[in-house]
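Q: I'm new to this one. Can you walk me through what's here?

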Amino acid sequence: MIDLAVLQQGLAMLASPWTFLALSAGLAGGILIGALPGLTATMAVAVLAPFTFFMEATIGIPFLLGIYKGAIYGGSIPAILVNTPGTAAAAATARDGYALTQQGKSRKALELSLYSSVVADFLATLVLIMVAIPLASIAIRFGSPEFALLYLIALTMIATVSGESFLKGLIAAGLGLLVASIGLDPMSGYQRFTFGNTDLLGGVSLIPLLIGMFALSEILMQLTHPPERTNDAGQAVEHGGERLKWAEFWALRPTILRSTSLGTFLGSLPGLGAEIACWIAYGLARGRSREPERFGKGSLEGLAAAESGNNAVVPAALIPMTVFGIPGDTITAVLIGALMAQGMMPGPLLIQQNPGFLFGLFLVLLVTNVLLLIFGLAAIRWLKQVTRIPPTVLYPCVLLLCLCGAYAVNSSTFDLLILVVGGGLGYVMRRTHFPIAPLIIGLLLGPGFESAVRQSLVFSNGSLAIFWSRPGSLILLILLALVILTMAWRGLVKAGVIRKRSKSHPTKSNNI
Amino acid sequence: MSRPLLTRTFLAASLAAATALATGQVLAEESHLPDEPIRFVTPYPAGGSHSLHAGIITAVGEEFLGRPLISVIRGGGGGAVAAAEVAGSTPNGTMLLFGDPTINSLRPQVEDLPYEMDDFVPVARINYSPAIFVTTPDQPFQSIGELVEHAEENPGEVVYSSDNRNGFTYTVFEMLKATADIEMRGVELGGGGPAVTQLLGGNTMAYAGDPSVVGEHLEAGSLVGLCVTDTERFEAYGDIPTCQEEGYDVVFQFWRGVMAPAGTPDEVIAELSDGFQRLTEDEGFLRLIGQIGSGIQFLGHEEFAEALAAEQAALRDAYLDD
Amino acid sequence: MNTRTWPGGRLIESLLALAVIAVGVMFLRIVHGTPPPFGDPRDIGSAAFFPGLIALLVTGLGVVLLLSAWRPASSVAFESGHTARALLAYALMVAMAVSIRFLGIWLVTMLAVPLLAMCFGERRWYVLLALAVVPPTLVIHLFEGVMGVYFPRGVVL
């Protein structure tokens with residue numbers, strides 16, 4: 001398939017110092033941007049893409065890819081350190097990552113997040129290079145009915161995994177879905193629940209609400225329960241705790257491999273983002289874990305599952321782009337634009353006409369991972385000091401970043417109101433033991449879920465049979481039934497209705 | 001107001017390469033614009049053809065308009081949120097909307113939106129593109145005539161990918177259904193990307209979209225062009241007939257143009273219009289526009305106003321009188 | 001950790017349940033209004049079906065929460081803490097979000113950052129002064145300079 005000339009052209013691109021420099025600059029900038037709440041990878045790529053129009057393709061495109069990867073990784077940093085996920089995909093990271101920070105193990109959390117990201121990304125990139133075409137031809141067969149079922153599986157997982165009380169988790173997810181229905185309905189043109197407010201036409205913006213519910217409520221919680229600064233904890237906390245041991249990481253390899261394959265497959269479906277992948281991966285990891293009760297309280301497994309799940313999506317989202325020229329998500333849509341401005345249409349023609357450039361890009365993606373590892377390790381040396389900053393300085397700065405980040409998403413002052421309303425709501429929910437994540441994910445997945453269901457019904461002319469008459473949807477339906485049955489079984493066992501016979505759980509099926 | 005640092009560095013490096021000459025004093029005479037940056041508002045989320053065009057315009061625009069251009073991407077409500085915000089802004093030329101026919105001609109007439117058509121005055125039309133009706137090679141119809149025949153024989157059985165209610169694709173399919181008197185079912189998928197995906201995946205049977213969205217698939221042969229919704233054939237795909245040639249009077253030009261809030265002084269409109277005209281004549285700009293598979297069909301503010309009024313009237317007739 | 005609990009946990013839980021029910025009923029009333037504003041809520045393809053279903057679900061779950069709070073075996077307990085301080089800081093946040101339109105980004109951030117530090121117990125004037133100047137300048141220039149996000153300007157700055 002790949003001949004020597006192609007190989008040579010690809011390697012030449014990699015050897016260029018300018019490509020390297022652009023990649024490094026992009027990566028460093030991306031980590032910084034991703035670490036600031038509210039500045040998302042999509043936004044960074046969209047804002048900086050026009051400048052690459054004037055650069056060489058071998059400089060501009062690696063620069064953008066660097067930003068993309070850096071920003072996705074960077075999002076996990078504030079999630080771990082100050083419980084402020086910059087994107088919804090990092091919300092799962094925040095659960096266990098921040099719990100580790102509170103236990104004085106922020107260094108371990110940061111290192112684990114870096115390693116799982118890099119491993120997942122590297123493996124998913126290999127998948128992209130080797131089996132992009134067969135995988136994409138499966139993925140493109142996925143229509144609205146399959147998507148509807150995937151959304152339902154993700155929602156079920158989230159409601160069940162994210163809190164102590166299943167009931168409260170469900171209520172939070174339901175409230176999120178209700179909030180999601182606010183705004184202009186794209187299928188019918190009705191303005192739902194807008195109460196005549198123009199700003200609500202576009203719906204409640206996700207990122208400001210997310211920042212409010214996580215970060216502002218965190219500030220308020222810190223005021224309510226100030227951590228007692230005793231001497232015995234002081235030493236460990238201030239140095240970020242000990243580093244991740246190799247044995248600990250090695251023990252996590254089934255979790256990471258499972259989450260990576262899941263993330264890669266879900267990422268290759270055009271339109272499904274990292275958010276779904278990381279929560280399904282998290283839920284699956286908890287389901288198969290020997291100590292599921294530690295999830296949300298600083299479980300290394302949970303953190304590794306969430307991080308490898310959402311990072312595996314990044315290269316996988318490039319699969320529909322390189323094979324069909326279809327954007328896998330918003331960022332790849334912007335990347336397609338940048339490639340087009342370079343006179344290169346991504347898609348089947350690029351593979352035929354410019355295989356060298358494409359091969360070079362793949363190599364760049366692999367090299368990015370090595371660079372990400374180096375940059376990440378360097379950053380962690382400094383970042384673990386963040387826990388040294390006294391709260392009187394740290395939290396006012398977090399507030400400032402939240403304010404600027406929430407405004408930056410849409411350049412809208414209305415979003416600042418959403419931010420503070422979210423902050424208040426998040427505070428009340430945390431004081432009363434309602435989990436926040438289901439509400440956010442409900443808001444995120446609600447529109448996609450609803451339109452997938454309604455689109456399916458248009459396809460089938462109103463018949464519900466479409467959800468089991470297609471091979472793909474039938475498999476997913478069975479999976480959904482399995483998920484619900486497992487959950488119900490566990491619930492009954494926990495409630496003491498069914499007595500568990502032995503300690504070992506009868507899930508000795510094959511590993512994925 | 002300091003110019004963004006990074007922007008300046010990039011522009012300095014890049015413009016030197018892109019446009020070999022001609023910076024400096026473009027605006028010799030007194031400007032009517034306030035001394036602040038112009039916010040150029042894209043009403044759709046990042047990633048579509050609108051934001052791509054806006055990215056190029058704002059990256060190159062400063063030297064032609066005499067003010068820095070800031071690209072503001074403000075999606076939501078299918079463009080209604082951004083339109084309402086620009087309509088309510090101070091009318092002095094510092095906030096402009098990157099409009100199109102669905103936002104500025106169609107939807108305010110058929111939907112209850114928080115702004116009116118008259119809340120905007122046209123500044124300049126940058127370009128337009130027709131829609132190309134497409135299908136996949138394995139469908140039972142391979143021309144627009146066969147599609148209509150197939151739909152007549154199987155009413156309601158043809159399922160097509162649509163974008164949003166009252167969007168670009170939605171509208172051209174409504175026009176086709178009205179002129180050919182056929183029944184087909186549209187699935188609103190929210191945008192060109194998912195619409196093409198569902199078509200390629202065999203879940204829908206037809207689509208009509210912007211050449212930048214379907215063009216590559218036409219070249220690769222994964223999609224077949226049926227007809228073009230313009231009065232003449234599209235240059236790059238000259239073998240696809242126009243819908244009129246095939247006997248269906250479907251003409252819809254999806255323009256992209258700059259709109260200012262109503263009440264903006266005439267001299268400001270004229271100055272902006274001139275600035276955009278100089279921009280669209282610039283070689284570096286044309287090269288970039290060409291690379292994204294687009295062209296320039298510039299109209300100054302006066303001609304654009306006439307064309308817009310005619311289009312609004314035509315849509316009023318088509319939608320409201322029957 | 002702080003292990004003191006609030007008295008009247010049941011009361012609070014019931015109030016929460018009632019709030020959830022209120023939200024659900026409000027959405028239900030809108031969806032089932034006459035004439036139905038978004039189409040027939042019983043038609044699965046309409047714009048009203050999905051919100052109607054979710055609102056019904058939320059209302060039902062709220063009722064379950066209310067009932068379970070008054071189960072004899074239930075032990076609802078919430079930790080108490082410095083709620084007044086948090087409320088004060090929240091009032092500051094609300095004031096900040098509302099006033100940014102009039103006061104502009106500079107004035108608002110330069111006031112909000114040191115004021116929140118004071119909520120956290122910082123009293124040294126030089127630290128407060130540094131907080132008022134350094135972080136806002138850095139962050140605003142970062143956003144405006146690199147990302148091209150322009151913040152609203154007020155009457156003064």
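A: Domain bounds here come from an automatic or database domain assignment. By that assignment, chain C has domain 1 (9–69) and domain 2 (83–146). This is a predicted model: local features need pLDDT of at least 70, side-chain atom pairs count only at pLDDT 80 or more, and totals for chains, interfaces and linings use all residues. Residues are numbered from 1 along each chain as its sequence is written, while chains are lettered from A and ligands numbered from 1 in the order in which they are written.

Q: How far apart are the centres of domain 1 of chain C and domain 2 of chain C?

A: Their C-alpha centres are 38 Å apart.

Q: And which domains does chain B have?

A: Domain 1 (36–128 + 254–320) and domain 2 (132–237). The C-alpha centres of these chain B domains are separated by 27 Å. Domain 1 of chain B puts 12 residues into the contact, and domain 2 of chain B puts in 10. Contact means C-beta atoms, placed from the backbone, within 7 Å.

Q: Which helix gives the most to the domain 1 side in chain B?

A: Helix 5 of chain B, with four residues. Helices are DSSP runs (H or I, at least four residues), numbered from the N terminus.

Q: How many residues of helix 5 of chain B are buried?

A: Eight of 10, in residues 101–110. Among them are B:Ile103, B:Leu106 and B:Arg107. Buried means 20 or more other C-beta atoms within 10 Å of the residue's own, with C-beta atoms placed from the backbone.

Q: New topic: how many residues of chain B are in contact with chain A?

A: 50 residues of chain B, against 46 of chain A.

Terms used: Two residues are in contact if their C-beta atoms, placed from the backbone, lie within 7 Å. A residue is buried if 20 or more other C-beta atoms lie within 10 Å of its own, exposed if 12 or fewer, and partly exposed in between; C-beta atoms are placed from the backbone. Helices (H or I, at least four residues) and strands (E, at least two) are DSSP runs, numbered from the N terminus.
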